[in-house]
Amino acid sequence: MLLKGKVWKFGDDISTDLIAPGRFYHLRSNLNEFAKHVMEDADPTFASQVQAGDFLVGGKNFGLGSSREHAPLIIKMAGVSAVMAKSFARIFYRNAINVGLPVLVCETDKLETGDELEVDLEKGLIRNLSKGLTLDFKPLPKVMINILQDGGLVAHIEKHKDFKLD
Amino acid sequence: MGQTLSERIISEHVNRKVTAGETVLTPVDLCLLQDGTAPLAIRQLGKLGLEKVFNPKRVVFFIDHASPSPRRELSNDHTLIKEFAKKTGAQLSDIGGGISHQVINEFYVNPGDILIGADSHTCTGGALCAFATGLGSSDVAIGMALGKTWFRVPETFKIVIKGKFPFGVFAKDLILHLIGLIGADGATYKALEFCGETIENLPMHDRLTLSNMAVEAGAKVGLIASDKITQKFLQRMGRGNKYRKIKPDSDAVYDRVIEMDVSRLEPQISFPHTVDNTRPLSKAKGIRIQQVFLGTCTNGRLEDLAIFYNIVKGRKRDPQTRVIINPASRTIYLQAIERGYLEEFVRFGAEVLMPGCGPCVGVHGGIPSDGENILSTMNRNFKGRMGNPESFIYLASPAVCAATALKGEIADPREFLPQPKKAIKAKKPVSLKGPSPKSKAKSKTSKRKKK
């Protein structure tokens with residue numbers, strides 16, 4: 001699968017409180033509204049300007065904090081096609097796969113806001129069309145590839161009636 | 001090759017010897033969901049046409065994050081949860097019951113259990129030697145329906161603690177210091193195993209504080225081998241028969257061994273906006289604080305309230321500093337009433353809330369204003385955590401919070417805490433068990449005099 005879009009660059013330690021702020025707790029059952037506030041406390045312009053296909057890029061420990069699955073869910077609903085970071089917090093990483101949002105572990109220092117990228121999920125390649133650079137990313141564990149390819153955990157269980165580990 | 005606690009517990013569940021790095025499909029014993037994550041879990045299951053749980057006695061829903069509900073939308077979420085629990089027979093802890101991580105350890109968690117919870121601080125159960133870990137709504141939804149989940153067996157950091165805590169220094173200071181040392185992502189995907197002479201002698205309420213914060217170093221679980229202290233706790237909670245001794249092998253393989261001596265540790269403060277931004281109290285003294293918050297799944301236990309009580313008793317709150325107190329469960333709330341703590345807190349001018357999570361997650365019950373500094377016993381100080389991204393959250397022990405409530409700025413509890421020996425000789429005896437009927441009567445008299 002080939003993904004294309006522009007980079008939105010953020011720093012280290014983007015917490016789930018920055019992605020899906022607690023003050024919008026009452027919107028957890030109204031995700032379309034919640035998605036309008038995604039990343040609001042990190043960049044108030046993000047939700048209104050992000051385009052379908054764009055990439056959310058962080059530094060280390062992206063998604064630390066709460067187990068709220070609403071965080072990757074509203075990132076996906078906002079149109080983001082993949083999140084890239086040097087490292088991810090464990091629960092966010094697993095949640096992202098479970099909602100069908102690709103999360104790629106790669107070196108992000110050379111990615112800047114506005115860079116045009118083309119990502120080949122199968123080959124594990126990120127082409128930075130703006131800078132003429134190519135990056136590779138760490139492949140996902142097999143069980144996560146299965147879940148992601150099925151479109152998330154619920155679809156995965158619906159298809160296999162159980163977890164398919166290998 | 002020997003096994004770590006994680007390897008041991010998971011091996012018992014899958015009926016074969018597993019080692020770190022393997023991916024396993026394992027049965028789970030217990031599932032936890034709360035009002036912020038359960039509605040999504042219930043809807044995810046609905047997509048599969050499933051409205052069942054694998055064992056109604058071992059799936060527990062908690063209404064604790066918005067308790068009682070401050071908004072119509074959240075009230076409707078609560079109704080969705082209650083209806084699901086009723087239909088499936090699952091357990092429900094309604095408003096006033098308390099914070100999931102306290103209540104589940106009081107009444108449900110047993111050594112050797114695998115507990116999955118749709119809340120990151122589910123790792124608190126590691127204090128009872130349960131492989132307890134936080135997952136998202138979808139994972140716990142599938143887990144509670146099928147009674148199983150998948151895991152990568154984690155590598156383990158062995159955290160060896162020795163020495164005696166100095167006067168005025170507590171388990172909270174240890175864990176804040178440790179997270180500062182390891183870093184907020186230092187143990188990502190790993191298990192922590194707390195051990196050593198200090199841990200062997202550490203009471204259960206302090207063990208719960210340590211395990212609770214394992215996730216703040218990125219860890220999957222924060223385990224402590226079960227022992228006599230675990231057994232006593234279980235007996236006190238009416239399930240002594242569930243005790244069994246679980247320990248790691250002496251030749252278990254560890255990814256990293258971290259040794260620490262607490263005998264020279266100072267009280268610690270985590271500065272905004274990350275938990276690993278930890279500094280000794282001496283570097284924080286004097287910072288003005290507009291709100292002190294005592295409570296949460298980290299430090300809302302009776303012993304935490306007792307420390308606070310012993311410092312503020314008979315003293316005056318700084319009038320510029322609000323104080324919010326939130327006992328972690330109904331059990332604790334009742335004990336705190338019996339021992340006179342709540343009466344003293346109210347006299348002190350604190351706002352005592354019903355058990356729940358409210359202020360810690362920015363839902364209700366103490367949202368700071370722009371530019372304010374908060375000193376809290378919470379486990380997290382991320383920007384916006386308490387509902388306002390323009391405020392600043394500092395983390396500390398209940399003792400530092402109490403001293404700060406008196407001075408209005410971050411203060412040293414050692415100035416106010418009774419020295420254990422001196423306390424016996426002091427005119428006004430301070431007991432951890434609360435006031436005797438006599439001293440209670442005295443404080444009432446002095447109150448009347450003031451009027």
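The model is a predicted one. Helix α14 spans residues 398-407 of chain B and is mostly covered. Nine of its ten residues are buried. After α14(B) comes Gly408(B). The phi of Gly408(B) is positive, near 80°.

Now turn to a pair of helices, α2(B) and α5(B). Their axes come within 8 Å and cross at roughly 60°. An angle between 35 and 65 degrees counts as oblique, so α2(B) and α5(B) are oblique to each other. The crossing of α2(B) past α5(B) is right-handed. Which residues make the contact? From α2(B) come Leu40(B), Ala41(B), Gln44(B) and Leu45(B). From α5(B) come Ser137(B), Ser138(B), Val140(B), Ala141(B) and Ala145(B). By class, this contact has six nonpolar and three polar residues, and no charged ones.

Next, look at where the two chains meet. Here 43 residues of chain B are in contact with 38 residues of chain A. Which elements of chain B give two or more residues to this side? They are β1 (23-27), α2 (38-47), α3 (72-88), α5 (137-146) and β7 (148-152). By class, the side of chain B that touches chain A has 16 nonpolar, 15 polar and twelve charged residues.

Notes:
Residues are numbered from 1 along each chain as its sequence is written. Chains are lettered from A and ligands numbered from 1 in the order in which they are written. This is a predicted model: local features need pLDDT of at least 70, side-chain atom pairs count only at pLDDT 80 or more; totals for chains, interfaces and linings use all residues. Two residues are in contact if their C-beta atoms, placed from the backbone, lie within 7 Å. Helices (H or I, at least four residues) and strands (E, at least two) are DSSP runs, numbered from the N terminus. Ala, Val, Leu, Ile, Met, Phe, Trp, Tyr, Cys and Pro count as nonpolar, Asp, Glu, Lys and Arg as charged, and the others, Gly among them, as polar. A residue is buried if 20 or more other C-beta atoms lie within 10 Å of its own, exposed if 12 or fewer, and partly exposed in between; C-beta atoms are placed from the backbone. Axes are lines fitted to C-alpha atoms, for helices over the stretch in contact, and angles run from 0 to 180 degrees between N-to-C directions. Angles under 35 degrees count as roughly parallel, over 145 as roughly antiparallel, 65 to 115 as roughly perpendicular and the rest as oblique. A crossing is left-handed if the near helix is turned anticlockwise from the far one by less than a right angle, and right-handed if clockwise.
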